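Please look over the structure shown here.

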Amino acid sequence: MRTEQQDRAASAVELRRVSKSFGPVVAVQEFDLAIRRGEVLTLLGPSGCGKTTILNMIAGFEVPSSGEIRIDGKPVTAVPPYLRDTGMVFQSYALFPHMDVFENVAFGLKMRRLAKGAVAAEVARALEMVKLTGLEGRRVRQLSGGQQQRVALARAIVIRPKVLLLDEPLSALDKNLRAEMQIELKELHAKTGLTTVFVTHDQGEALSLSDRIVVMNRGEIQQVSAPIELYRHPANGFVASFVGEINRLPPARCTLTGGDAVFELAPGLSLAVPRRPELAVWDGRRVNLFVRPEQMAIADASSPGQACVKVRVVTHVYQGTHTLLRVDGGALGLLQLRIPGSEVIERAPVGSEIEVTLDLAQAVVLAD
Amino acid sequence: MSPIFAARLRAALFWGPVGLILLYMTIPALVVVMTSFSPSELLEFPPAGLSLRWYARALSYPDFRNGFANGLIVTTFASTAALAVGSAFAYLVDRYSFRGRAALEAVLSSPLIVPHFTTGFGFLLLGAELGLTRSYAIVIAAHVLLVLPFVVRSVYVSLKNIDPRLERAAANLGASPGRVLARVTLPLLLPGMAGGWLIAAILSLTEFTASLYVTEARTQTLPVAMYGYIREYSDPTIAAISALLIIATTLLMLLANRYLGLRRILAIDAH
Amino acid sequence: MRQRPFFLAFLLPALLAAGLFLAALALVLQYSFRSFIPGSLDPGAFTLENFARLWRPIYLWVLLDTFTISLLTTVFTLLLSYPVAYALVRARRDWVRTLLVVLALTPLFTGEIVRTYAWILVLGSDGFVNSLLEGLGVIAAPLAMLYTRFGVVVALVQFSMPVMIVLLATAISHVDNDCERAAANLGARPATVFWRVTLPLTMPGIVSGVIVIFAWTMSAFSTPQLIGGGKVLMISNLVYLQGLSSFNFPFAAALSLVALVLAVGSLALLQPAAKRLEAKVSPR
């Protein structure tokens with residue numbers, strides 16, 4: 001009993017078996033999630049997976065078809081948006097075009113009937129946080145995309161919301177600006193400590209910004225984990241292939257021998273790895289092996305004992321710091337390797353036969 | 001007050017007045033239809049019974065029959081001519097910049113602002129000047145000018161919605177300007193042109209004020225004939241013919257909404 | 001030189017149409033400066049008499065009446081159209097929106113004679129409203145509504161609403177729904193969202209609607225002619241009386257010129273304000 005109450009107090013937002021359908025379309029199904037106070041939680045998934053619907057239900061723009069939502073332990077399912085104290089940053093920013101920067105940021109404070117002096121002070125503080133001091137009098141359309149983004153952030157944090165809701169806030173920015181804003185968002189979170197729910201379909205953004213990531217697909221939770229855990233130990237094939245690049249090997253039969261686990265991928269093609277305790281459950285079962293591009297390398301003298309396969313080079317994709325190598329692995333299908341630098345382009349020209357190693361000790365093993 | 005109750009109250013306070021306003025907009029049409037079935041010569045409410053006698057009279061009254069026939073002639077020629085002139089002009093406005101374009105645009109859209117009686121009176125004088133007073137030509141000319149802005153607007157909006165890359169693609173594949181126009185642009189414009197023609201035809205068919213000036217006994221259109229009748233008689237014949245027009249228009253609106261998407265044409269769908 | 005396929009072929013018809021229209025207006029202008037020869041349709045010598053005559057009180061009163069009726073009509077049209085336009089855009093159910101669009105727009109296309117005649121039936125002393133009120137025992141004797149300014153305005157408002165509704169609905173549909181959500185998210189109640197966000201953002205639509213309806217009502221003819229029945233005169237009715245009853249073409253020309261100037265003038269005066277407002281609330 002006591003622990004449950006502690007849990008509840010620790011949760012800034014809680015969704016209990018929340019479902020939402022639009023007519024026959026089920027957007028969110030039986031969603032259970034507790035968002036901890038002060039954390040940055042990311043809802044990650046392809047478009048249409050229901051992540052924005054979750055955000056809209058927390059903000060109160062959508063009413064769940066069933067289930068309950070609590071903010072600070074209090075049920076808010078029937079509370080209208082204007083009484084919820086959530087601060088939302090919209091994908092389109094939704095800045096008020098008929099107001100200047102100051103008026104936009106001050107709007108929420110005025111709704112809370114703060115005294116004029118307090119409004120000015122709070123607005124100044126928020127604008128300083130997003131580094132926009134001095135632009136108070138600017139019209140919204142005189143601002144660059146990045147500046148609009150900051151105004152939207154300032155407007156949301158100035159009311160000291162119980163939870164900050166970010167709906168793909170970086171998607172409208174170009175690539176360089178996006179990287180810069182990611183860093184600023186991190187700094188802003190360090191300064192404010194606001195509980196933050198971040199919605200994105202960009203796994204890079206999710207990995208770099210979040211304390212925890214909720215991977216969603218078709219309205220259901222696939223996995224809730226910290227970024228590193230998610231990358232290393234995806235719970236299923238969807239998560240494995242949605243988060244980061246990964247090679248899915250053809251289904252294999254796993255057999256445990258004395259010191260090894262042997263995966264038989266095709267008749268005459270078996271890969272062996274040193275036996276680990278967690279592989280025990282797979283003995284005699286059909287499994288899928290997932291190998292990340294950086295877990296593969298071109299075989300040389302320094303890699304004895306690793307699983308090794310013969311492949312033919314199909315394409316190079318030069319990407320500056322590294323080169324992606326696409327190879328035909330015969331029974332293994334097409335594989336992608338990530339090789340640092342660019343020497344590989346000359347070392348292994350298109351059409352050449354090479355040997356590559358697979359670091360199966362790090363590979364993800366999932367049931368077929 | 002619970003938020004749900006507040007929301008219900010708000011909805012009631014909004015939809016109640018909206019309903020009353022719509023009633024105000026619709027009542028005249030309902031009263032006309034009601035009156036048109038009245039058996040009595042006097043206007044009375046509620047009507048004492050049901051009768052079709054005013055429909056029989058309306059449909060056989062020579063002025064109305066002539067007026068309707070004249071209207072069809074004028075409308076057919078005027079809205080078709082306006083479609084040709086207007087589409088060509090919309091194309092020019094969309095594709096080319098040339099000296100005097102703004103002025104020409106202003107002149108051709110000004111019939112929207114210039115009072116219809118001024119336009120009508122002007123064409124009456126013009127007809128006299130050109131010796132066309134008793135001809136359809138001057139009526140048609142006036143109508144072309146009056147409906148032209150609507151056609152131009154409708155076609156212009158459609159032109160704007162055509163992806164310019166489609167025409168470039170056709171040209172890139174070897175189509176001459178004439179073939180691009182005939183095989184790519186025109187087919188894509190057809191809905192806009194059809195919409196423009198329809199609006200033009202309805203407006204021309206029901207136009208009254210300018211027509212009052214430019215028509216005379218032989219060329220008068222239906223609205224002018226109806227106006228004459230209202231001044232002479234007070235029986236419900238007009239109600240019968242009005243009811244026919246109202247029902248026809250309502251059906252037309254329903255069809256237009258079904259097949260053309262009225263809200264889309266008017267650009268009033270929320271996004 | 002740039003290629004301009006079809007340029008001349010497409011330009012000539014437009015030029016011809018513009019030429020006809022300008023010629024018609026030029027004739028009105030020319031007639032307005034000519035003297036009236038009673039019994040003849042041909043005008044006499046150059047004169048300013050037609051414009052001097054406009055300053056007589058009887059004509060100034062008509063001008064003032066035209067102005068007042070137009071103003072009242074515009075105000076009531078705006079007040080009644082906004083809720084309908086809002087409902088039209090925001091109704092959740094598709095069939096409600098369809099019903100609204102058909103009900104709101106049908107009057108636009110039935111033509112002015114049908115609509116005006118309908119109001120005679122509604123407002124007449126034996127008409128619908130009086131019969132209803134007498135039947136309910138609210139009034140003992142019929143109210144005089146036909147042949148009054150009140151009746152003219154009631155009919156003109158209904159007449160103007162479809163156009164106003166379309167203009168307002170377009171403006172409302174262009175309001176970014178996220179802006180309203182943002183306001184609610186920041187703590188604004190629905191009424192506050194409307195006054196602080198929705199209404200200011202639809203101001204350009206309101207202004208252009210007001211301009212169009214005002215200019216339009218100034219030149220209304222059949223409604224004051226039939227509902228006013230000669231007791232309520234607007235400038236259009238004077239033109240008709242002078243032109244088609246007395247055949248005083250020169251004076252009718254002067255009057256229609258004044259009407260044109262008033263309509264174009266009110267537009268020219270208000271349009272820049274509308275443009276500024278548009279620029280102010282446009283997001284880009």
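The model is predicted.

## Chain B against chain C

Helix 6 of chain B (residues 136–161) meets helix 1 of chain C (residues 7–32). Their axes come within 10 Å and cross at roughly 110 degrees. An angle of 65 to 115 degrees counts as roughly perpendicular, so that is how helix 6 of chain B lies to helix 1 of chain C.

Helix 6 of chain B brings Ala141(B), Val144(B), Leu145(B) and Leu148(B) to this contact. Helix 1 of chain C answers with Ala17(C), Leu20(C) and Phe21(C). By class, the contact has seven nonpolar residues, with no polar and no charged ones.

## Chain A against chain C

Here chain A gives 20 residues and chain C gives 21 residues. On the side of chain A, strand 6 (86–89) and helix 3 (101–111) each supply two or more residues. Helix 3 of chain A has the largest share, three residues.

By class, that side of chain A holds 13 nonpolar, four polar and three charged residues.

## Helix 11 of chain C

Helix 11 of chain C (residues 235–245) is mostly covered, with eight of its eleven residues buried. Among them are Ile235(C), Leu238(C), Val239(C) and Tyr240(C). Ser236(C), Asn237(C), Gln242(C) and Gly243(C) are buried as well.

What do these buried residues pack against? Chain B contributes helix 5 (116–130). Chain C itself contributes helix 3 (57–90), helix 10 (222–226) and helix 12 (249–281). After helix 11 of chain C comes Phe247(C), with a positive phi near 55 degrees.

Definitions and conventions:
Residues are numbered from 1 along each chain as its sequence is written. Chains are lettered from A and ligands numbered from 1 in the order in which they are written. This is a predicted model: local features need pLDDT of at least 70, side-chain atom pairs count only at pLDDT 80 or more; totals for chains, interfaces and linings use all residues. Axes are lines fitted to C-alpha atoms, for helices over the stretch in contact, and angles run from 0 to 180 degrees between N-to-C directions. Helices (H or I, at least four residues) and strands (E, at least two) are DSSP runs, numbered from the N terminus. Angles under 35 degrees count as roughly parallel, over 145 as roughly antiparallel, 65 to 115 as roughly perpendicular and the rest as oblique. Two residues are in contact if their C-beta atoms, placed from the backbone, lie within 7 Å. Ala, Val, Leu, Ile, Met, Phe, Trp, Tyr, Cys and Pro count as nonpolar, Asp, Glu, Lys and Arg as charged, and the others, Gly among them, as polar. A residue is buried if 20 or more other C-beta atoms lie within 10 Å of its own, exposed if 12 or fewer, and partly exposed in between; C-beta atoms are placed from the backbone.
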